[in-house]
Amino acid sequence: MPDLSAEDKKLVTLARATRARIQAAEGAAVRDTDGRTYAAATVDLAALRLSAVQAVVAMAVASGSTGVEACVVLGEAGALTEGDAAVLKDFSGASGVLVHTGDARGAIADTAQL
């Protein structure tokens, strides 16, 4: 794992455990601008499909968060989609959002500031 802060390592643990619990394609975790954390996995129902990032941002919004400052996305693709990047940019804090992406085991392959 690259040199992540303790808080970002916590996000890796949350995203990994959430994805593994239901064997989802992806798990994501965010830390909002107040320091609260949220985790979610891919939703793949016949009538509702959400990426893990969409689901976790929806959870943060529904909980009253006003922005996110960091995100971890783990999954089979190991990369952030354009759609997920747009969701994070739309709901980022004033200084943007730090995004770590990695594989399903939690090995971080890339870090970007959006």
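Predicted model: local features only at pLDDT ≥ 70, side-chain atom pairs only at ≥ 80, totals over all residues.
Reader: Which strands form the open sheet, and in what order?
Author: There are 5 of them, in the order β2-β1-β5-β6-β7, and the pairing is mixed.

Reader: What makes β2 and β7 stand at the edges?
Author: β2 (37-41) and β7 (108-113) each have a single partner strand, so one side of each is left without a neighbour in the sheet. On average, neighbouring strands here are turned by 15° against each other, direction ignored.

Reader: How do you know that β6 and β7 pair?
Author: Two strands count as paired if at least two bridges link them. Strand β6 (residues 98-102) and β7 are joined over 5 bridges, in the antiparallel sense. For a place to look, find T101, which stands opposite D110 in β7.

Reader: Which strands does helix α1 touch?
Author: Helix α1 (residues 6-22) packs on the sheet and touches β1 (26-32), β2, β5 (68-75), β6 and β7. The direction of α1 makes about 40° with that of β5.

Reader: And where does helix α2 lie?
Author: Helix α2 (residues 52-62) lies across β1, β2 and β5, and runs at about 140° to β2.

Reader: Why is α2 called roughly parallel to α3?
Author: Two packed helices are described by the angle between their axes and the distance between the axes. For α2 and helix α3 (residues 82-90), the angle is about 20° and the axes are 9 Å apart. Angles under 35 degrees count as roughly parallel, so α2 is roughly parallel to α3. The contact is made by V53, Q54 and V57 of α2 together with D84, V87 and L88 of α3.

Reader: What is the handedness of the crossing where α2 passes α3?
Author: α2 passes α3 in a left-handed crossing.

Reader: Which residues touch the most other members of the largest nonpolar core?
Author: This core has 17 residues, and V53, V56, C71 and L88 are the ones that touch the most other members. At least two residues each come from β1, β2, α2 and β5, and the largest share, 6 residues, comes from α2.

Reader: What is V53 in contact with, leaving aside its neighbours within four places in sequence?
Author: V53 is in contact with A28, C71, V73, L80, D84, V87 and L88.

Reader: How many residues are in the second, separate core?
Author: That core has 9 residues, including V12, A70, V72 and I108.

How values were computed. Residues numbered from 1 in each chain as written. Heavy atoms only, no water. Helix = DSSP H or I, 4+ residues; strand = E, 2+ residues; numbered from the N terminus. Axes fitted to C-alpha atoms, helices over the stretch in contact; angles between N-to-C directions. Contact = heavy atoms within 4.5 Å. Core = buried A, V, L, I, M, F, W, Y, C linked by side-chain atoms within 4.5 Å. Buried < 20%, exposed > 50% of the residue type's maximum accessible area, 1.4 Å probe, protein only. Parallel < 35°, antiparallel > 145°, perpendicular 65-115°, else oblique. Left-handed = near helix turned anticlockwise from the far one by under 90°.
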